[in-house]
Amino acid sequence: MHPDKTGIERSCEDSERHREKVLPNGDVYVGNFDGLFPHGTGKYIWSDGTLYEGEWEKSKMTGRGRIYWPSGATYEGDICGGFLHGSGTFYGLDGSVYKGSWRMNIQHGMGTKTYPNSGIYEGLWKEGLQEGIGRYTWSNRNTYIGNWKAGKMSGRGVMKWENGDLFDGVWLDGLKHGSGYYKYADGAYYFGTWSRGLKDGRGIFYAAGSKLPKQKFSESVVCNDGAQSLCPASLMSSEGLRNKPLHKKRYSFDGWNTSSYFCRSGRISHRPVSFEGIWNLSDSAGSVLSQDSSLTLSSSSDEGQHKLQHDNVLVYEREYAQGILIMERTRSSDSGVKRKTKWHHKIQRKQPSGPGEAIHKGHKSYYLMLNLQLGIRYTVGKITPVPMREVRSSDFGPRARIQMYFPSKGSQFTPPHHSIDFFWKDYCPMVFRNLREMFKIDAADYMMSICGGDDLKELSSPGKSGSIFYLSQDERFVIKTLRKYELKILLKMLPKYYNHVGIYDNTLITKFFGLHTITIKGVRKVRFVVMGNMFCTGLHIHRRYDLKGSSQGRSTSKHNINENTTLKDLDLSYVFHLERSWRDSLFRQISLDCMFLESQCIIDYSMLLGLHFRAPEHLKALLECQHTLQNSSSSQANNCS
């Protein structure tokens, strides 16, 4: 038996274990050792000023500890093998605080982060980003609860604004994208689809007080398409999230089955969709919010049932194109009365008979027309939500384009359609978007005129160049086919053209609104330019002239001349009297436009002139008198017979 160690011996031994060691690189360790290795508790100071205080195991930081960085950031929590790993709290230099799970120095698992702007996120993390189920509360008390991916709201989720508005539906990259419904603070609802944050496609709007299907909010957590929905109470602890059972449930009330519609992917289909009887409030992420009184959808009953008395308030079936309301019809909200009206355009358009042949199914240009309409609808819809900005040099040229393949069955980016597969190119989309704004062309008006469901018209007599001309049904826009060299010339002159029309508001040069190419694989490639039609006016055009300032071959055969005949220089036999200021302005603008065309080495151009004849008042009275006498004579002759 060895005698017990004296106090002096034990003190010497503890001193040996707890000592300071300075490393060659300037780092310092003060603490316990096991042999030559730090082990137990100790403090490590790096040469740059970083400090760790906590537990060690075999020379590695392992256990509970604190880290202080020179920047002011600190961490307190679990550490394993020198990494932040386990649970811990990180205080950032910017004032942010993260408290939750870590894996290899990265937030991973359940955690809560408070941001410098006072926003708070509670939920799941993956590789340092919000992913899974989570709640974010903004400083203004707006709240989102739902699915996240790569740090953005993606998947099923509910957003409630402080003013009482609420959206329940599908999100993508932080924007509403897919099917869902929007509840307004006044009690109105809109059920429909969204694309990149904007209403897109058909939907139903219920005004405040309209009758909705009766529904109860479920106390259970709902899953759709395998995506977890969120019970807010489970966010209060990681145990609640791990142990809370997830139930998959479908609901159907009053014959409204929504699961088949709401669970579709985020891709938007532009095919007509009937919203009658397919929406159900209960099959929604909102049902999982019933445990959180701040996010409940029911405002009229403690039991969560809507009780609305006004059965005869109208509801509206609407169609949007990239956030712009283009069509609407009304119907009664009473489920027993299916009073409907025809769809009517929100943008009034005149429907003249005019020249040209309407392109119906079976026409040689029918599928070409469908492809053109689909491409313009897609690209204008894509570029319209982009904020206005000044064009850059990179916005011009043949490489500044949007290219897309449109298979008839649809794709991740394009809707299904009833035409043949085709490739689409939209040249200089930002430039032409700005030109349309410059020329006061509304995006919805533009799409409705060309793509609003009416057929285009093909002019029966194409020009000498072999180009084919198409007219929109309201005749506001002319679409002309181009040869390859013509497209190249237009792209080359586009920067100078953009500057010219931007400087001179009264330019007489043709207004260009879009430049596109359609390629049908193995068949053909067709290039188009969309232009304004100067003869689309409220006045009746009695004579049309194409003037080149030349007499060589500049006359038209006098046979079969009508209002649609384009006459030439030698056919013009009128003298025009203008106020001197008008004449000077007109000649100045003609000179400026000709100088621009000359600078672009363009010599083959002409000026279109339209004439409207306005009869003098005394001539009108004489014609009316003659018409009355003719009617009277005809009536007497009939009586005599």
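This is a dialogue on reading selected features of a predicted model.

Trainee: What should I know about the model and its numbering before I begin?

Mentor: The model is predicted, so local features need pLDDT of at least 70 and side-chain atom pairs count only at pLDDT 80 or more, while totals for chains, interfaces and linings use all residues. Residues are numbered from 1 along each chain as its sequence is written, and side-chain values use heavy atoms, with hydrogens and water left out.

Trainee: How many helices and strands are in the protein chain, and how much of the chain counts as buried?

Mentor: Helices (H or I, at least four residues) and strands (E, at least two) are DSSP runs, numbered from the N terminus. The protein chain has nine helices and 36 strands. Buried means under 20% relative accessible area, exposed means over 50%, and partly exposed lies in between, with a 1.4 Å probe and protein chains only; of the 641 residues of the protein chain, 43% count as buried. A contact means heavy atoms within 4.5 Å, and among the contacts in the protein chain with a separation of 6 or more, 44% come from residues 24 or more positions apart.

Trainee: How is the packing of two helices described, and at what angle do α4 and α6 cross?

Mentor: Two packed helices are described by the angle between their axes and the distance between the axes. Axes are lines fitted to C-alpha atoms, for helices over the stretch in contact, and angles run from 0 to 180 degrees between N-to-C directions. Helix α4 (residues 366-383) and helix α6 (residues 443-451) have axes that come within 9 Å and cross at roughly 170 degrees. Angles under 35 degrees count as roughly parallel, over 145 as roughly antiparallel, 65 to 115 as roughly perpendicular and the rest as oblique, and α4 and α6 are therefore roughly antiparallel to each other. At their meeting, Q373, I376, R377, V380 and G381 belong to α4, while A443, Y446, M447, I450 and C451 belong to α6.

Trainee: How many residues of α6 are buried, and which residue caps its N-terminal end?

Mentor: Nine of the nine residues of α6 are buried, and the helix is mostly covered. The cap at the N-terminal end of α6 is D442, which has a side-chain oxygen 3.1 Å from the backbone nitrogen of A444. This can be read as a polar contact, which is a pair of N or O atoms within 3.5 Å; within protein, one must be able to donate a hydrogen and the other to accept it, and residues adjacent in sequence count only if both atoms are side-chain atoms.

Trainee: Why is α5 largely enclosed by the rest of the structure, and what do its buried residues pack against?

Mentor: Eight of the 10 residues of α5 are buried, so this helix is largely enclosed by the rest of the structure. The buried residues of α5 pack against α4, β27, β28, α6, α7 (484-503) and β32 (512-520); among them are P429, F432 and R436. C428, in the loop between β28 and α5 (429-438), has a positive phi near 45 degrees although this residue is not glycine, and C428 is buried, with a relative accessible area of 0%. After α5 comes K440, with a positive phi near 60 degrees.

Trainee: How many aromatic pairs are found in the whole structure, and what do F191 and Y206 form?

Mentor: Rings of Phe, Tyr and Trp (its six-membered ring) pair if their centres lie within 6.5 Å; planes under 30 degrees apart count as stacked, over 60 as edge-to-face and the rest as tilted. A search of the whole structure finds 40 aromatic pairs. F191 and Y206 form an edge-to-face pair, 5.6 Å centre to centre and with 80 degrees between the planes. F191 lies in strand β16 (residues 189-195) and Y206 in strand β18 (residues 201-206), so their pairing ties together parts 15 residues apart in sequence. F191 is buried at a relative accessible area of 3%, and Y206 is buried at 4%.

Trainee: Where does H417 lie, and what does it touch?

Mentor: H417 lies in the loop between β27 (401-406) and β28 (422-427), and H417 is buried, with a relative accessible area of 12%. Not counting residues up to four places away in sequence, H417 touches L374, F406, P407, S408 and F422. A polar atom of the H417 side chain lies 3.2 Å from the backbone oxygen of P407.
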